[in-house]
Amino acid sequence: NCLVKFSKGKEHFLAAGCTDGKVRIFNHDCSTCRVIPGGEYGVTSMCVSDEGDFLFVAYKDGTFKIIGIADNEHEQDSEKKSFDTKLDVNAIQYHKEHFAVVALGTSNGLVFKIANTGEDIYTDKPVYENSKKKKTTYLPCIALTYDQSGKYLFAAYTNGEIKVYKIESGQ
């Protein structure tokens with residue numbers, strides 16, 4: 001479902017989030033593979049901390065996990081936190097300056113959560129009016145990325161719109 005490349009020290013890796021709910025981590029030449037068990041449902045999105053120490057994983061059932069990545073294939077990767085977002089997560093982003101907060105692009109817009117508790121700290125739910133069904137529908141956020149400075153988060157929505165969010169300390 002998704003791929004993330006990352007480095008840990010001088011080594012380079014590729015993490016594959018799979019439909020069987022597992023994450024497979026391959027070394028740079030794919031000669032070794034570590035498997036991190038997940039849930040019953042497929043992985044929908046992942047991102048990795050800049051240092052390669054943590055993997056942030058969202059699953060199709062709404063579960064979000066923070067997994068500590070071991071230093072080598074002889075050590076055990078370990079789940080650090082897990083919570084149910086109660087959302088369909090399409091994208092995950094974090095920035096090292098804001099490690100305690102994770103941004104989730106969901107079927108109902110954008111949600112910022114405290115990473116270790118799952119508590120919402122900010123939501124943006126852009127809406128569009130569905131005249132046929134006469135109800136308000138939220139625009140899904142389908143992709144996220146920070147600029148290099150970590151001061152701006154770019155969020156792409158299904159209507160083709162890209163919103164820019166300025167991130168400030170303490171917010």
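Q: In what order do the 4 strands of the open sheet come, and is the pairing parallel or antiparallel?
A: Two strands pair if DSSP finds at least two bridges between them. Here the order is E5-E6-E7-E8, and the pairing is antiparallel. Strand E5 (43–48) and strand E8 (78–84) sit at the edges with a single partner strand each, so one side of each has no neighbour in the sheet. For angles, axes are lines fitted to C-alpha atoms, for helices over the stretch in contact, and values run from 0 to 180 degrees between N-to-C directions. With direction ignored, neighbouring strands of this sheet are turned by 15° against each other on average.

Q: Before we go on, what kind of model is this?
A: It's a predicted model, where local features need pLDDT of at least 70, side-chain atom pairs count only at pLDDT 80 or more, and totals for chains, interfaces and linings use all residues. Residues are numbered from 1 along each chain as its sequence is written, and side-chain values use heavy atoms, leaving out hydrogens and water.

Q: What is the mean pLDDT of the protein, and which elements have the lowest and the highest mean?
A: pLDDT is the predictor's confidence in each residue, from 0 to 100. Where it is low, the predicted coordinates should not be read in detail. The protein has a mean of 83, with 91% of its residues at 70 or more.

Q: Over how many bridges do E7 and E8 pair?
A: Strand E7 (residues 63–68) pairs with E8 over 6 bridges, in the antiparallel sense.

Q: Which strands make up the open sheet of 3?
A: That one runs E15-E16-E17, with antiparallel pairing. Its edge strands, strand E15 (141–146) and strand E17 (162–166), each pair on one side only. From one strand to the next, the twist averages 20°. Strand E16 (residues 152–157) and E17 pair over 5 antiparallel bridges, and phenylalanine 154 stands opposite valine 164 in E17.

Q: How much space lies in the largest pocket, and which elements give two or more residues to its lining?
A: Rolling a probe the size of a water molecule over the atoms shows where empty space is left. On a 1 Å grid over the protein atoms alone, a pocket is an open set of points where a 1.4 Å probe fits, with protein on both sides within 12 Å along at least five of seven lines; lining residues have an atom within 4 Å of a point. The largest pocket holds about 350 Å³. Strand E1 (2–8), E5, strand E9 (89–93) and E15 each give two or more residues to the lining, and E1 gives the most, with 6. Of the 20 lining residues, Val4, Cys47, Val48, Asp50 and Gln93 lie nearest the centre.

Q: Where does lysine 86 lie, and is it buried or exposed?
A: Buried means under 20% relative accessible area, exposed over 50%, and partly exposed in between (1.4 Å probe, protein chains only). Lysine 86 lies in the loop between E8 and E9 and is exposed, at 68%. Its phi is positive, about 60°, although it isn't a glycine.

Definitions and conventions: Points joined across faces, edges and corners; volume = space filled by probe spheres on them.
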